[in-house]
Amino acid sequence: MSASPTPSGEPLIALRGVDKHFGDHHALRGVDLAVARGESVVLIGPSGAGKSTLCRAVNGLTPVDSGTITVDGATLPADRRELARLRADIGMVFQSFNLFSHLTVLDNLTVAPIRVRGRDPRDAERRARELLERVGLADQAHKHPAQLSGGQQQRVAIARALAMDPKVMLFDEPTSALDPEMTGEVLAVMRQLAADGMTMLVVTHEMGFARSAADRVVFMADGRIVEDRPPAEFFAAPRTARARDFLAKVLHH
């Protein structure tokens, strides 16, 4: 499933010594993490472990206190305009779908490629229709988000992120607001993305997805990475008591 790293051997995403505080809460504690090009890495762990903070830091949405974050060799800049340019290469899908309610599904997918990437509107529309086909929603192009189910809206959100041709896709609990049937629809799209070699960093409670679609499982607790291993090894024999306790809770829930 994994593609090879960038030609220089550099990871596509690299965090080095990343720290983040929210007041007295130490959300990230000296985090080091590397994700190779084409790799699917799933972040799991108890609530408050720092998973979403880490995911949002990679996109520059949560500025860090210290350490460095690089995406495809470029360090996340402090300057907002430069950050916006780099962020165009990073697709992000949240718990809430964040679609533009006043725009059709098709327009949701074309607005950023046209305005930010400067694409020809006809090319943007052609690409948008391809992506809607890919997520199983080709027949929903002219509807508005409110006319769709939650699972459909989340699949539109994934297609919208892909419309920018990002180098990496970040998913922050993308199924936590969905019922089981809709969760399955969204995870199927994400599994296919992983199989197609998209570089992905995924925060999720879906252990089945972590087991079947991840190249690596990163277990976090208290702002630190506790284990970082292939899923078969991690689920079969977690090395730490913390991971064993977590798995015992979630797998027998």
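**Entry 1: Asp-165**

I began with Asp-165, which counts as partly exposed because its relative accessibility is 36%. The model is a predicted one. I placed Asp-165 in the loop between α5 and β7. I then checked its backbone and found a positive phi of about 50 degrees, although Asp-165 is not a glycine. I noted this because most residues other than glycine have a negative phi.

**Entry 2: Glu-173**

I looked up Glu-173 next, and it too has a positive phi of about 50 degrees without being a glycine. Glu-173 sits in the loop between β7 and α6 (180-195). Is Glu-173 buried or exposed? I have it down as buried, because its relative accessible area is 8% and the cut-off for buried is under 20%.

**Entry 3: the six-stranded sheet**

I traced an open sheet of 6 strands, in the order β6-β7-β8-β3-β9-β10, with mixed pairing. Its edge strands are β6 (90-93) and β10, each of which pairs on one side only. Neighbouring strands in this sheet are turned against each other by 15 degrees on average, direction ignored. Helix α5 (residues 150-162) packs on the sheet and touches β6 and β7. The direction of α5 makes about 170 degrees with that of β6.

I then went through some of the pairs. β6 and β7 run parallel and are joined by 4 bridges. In that pair, Ile-90 has Val-168 of β7 as its bridge partner. Strand β7 (residues 168-172) also pairs with strand β8 (residues 199-203), in the parallel sense and over 5 bridges. There, Asp-172 stands opposite Val-203 in β8.

I also looked at which way the side chains of β6 go. Ile-90 and Met-92 point one way from β6, Gly-91 and Val-93 point the other way, and all are buried. In a regular strand the side chains alternate between the two faces of the sheet.

**Entry 4: the largest pocket**

Which residues lie nearest the centre of the largest pocket? I listed Arg-87, Ile-90, Met-92, Ala-112 and Met-164, out of 23 residues that line the pocket. Its volume is about 590 Å³. The elements giving two or more residues to the lining are α2 (80-87), β6, α3 (105-115) and α5. Ile-90 and Met-92 are the β6 residues that I had noted as pointing one way from the strand.

I looked up α3 for its buried residues, which are Val-105, Leu-106, Asn-108, Leu-109, Thr-110, Val-111 and Pro-113. What covers them includes α4 and α5.

Val-116 lies in the loop between α3 and α4 (121-134). Val-116 counts as exposed because its relative accessibility is 53% and the cut-off for exposed is over 50%. Leaving aside neighbours within four places in sequence, I found Val-116 in contact with Ala-88 and Met-164. I also took the distance from Val-116 to Met-198: 21 Å, C-alpha to C-alpha, with the two residues 82 apart in sequence.

**Entry 5: the four-stranded sheet**

I traced an open sheet of 4 strands in the order β2-β1-β4-β5, with antiparallel pairing. Here the edge strands are β2 (25-35) and β5, each pairing on one side only.

β1 and β2 are joined by 7 bridges and run antiparallel. Strand β1 (residues 13-22) also pairs with strand β4 (residues 66-71), antiparallel and over 5 bridges. I followed Ala-14 in both directions: Ala-14 stands opposite Ala-34 in β2, and its bridge partner in β4 is Thr-70.

β4 pairs with strand β5 (residues 74-75) in the antiparallel sense over 2 bridges. Val-71 has Ala-74 of β5 as its bridge partner. The hairpin of β4 and β5 has 2 residues between the strands, and in it Asp-72 takes a positive phi near 55 degrees.

**Entry 6: helix α9**

Which residues of helix α9 (residues 241-251) are buried? I found Ala-243, Phe-246 and Leu-247. Seen down the axis of α9, these buried residues fall within an arc of 95 degrees, so they line one face of the helix. What covers them includes β3 (40-44), α7 (207-213), β9 (216-221), β10 (224-229) and α8 (231-236).

Terms used: Residues are numbered from 1 along each chain as its sequence is written. This is a predicted model: local features need pLDDT of at least 70, side-chain atom pairs count only at pLDDT 80 or more; totals for chains, interfaces and linings use all residues. Side-chain values use heavy atoms; hydrogens and water are left out. Buried means under 20% relative accessible area, exposed over 50%, partly exposed in between (1.4 Å probe, protein chains only). The arc is that of the directions from the helix axis to the C-beta atoms. Contact means heavy atoms within 4.5 Å. Two strands pair if DSSP finds at least two bridges between them. Axes are lines fitted to C-alpha atoms, for helices over the stretch in contact, and angles run from 0 to 180 degrees between N-to-C directions. On a 1 Å grid over the protein atoms alone, a cavity is a set of points where a 1.4 Å probe fits but cannot get out, and a pocket is an open set with protein on both sides within 12 Å along at least five of seven lines; lining residues have an atom within 4 Å of a point. Grid points are joined across faces, edges and corners, and a volume is the space filled by probe spheres set on the points.
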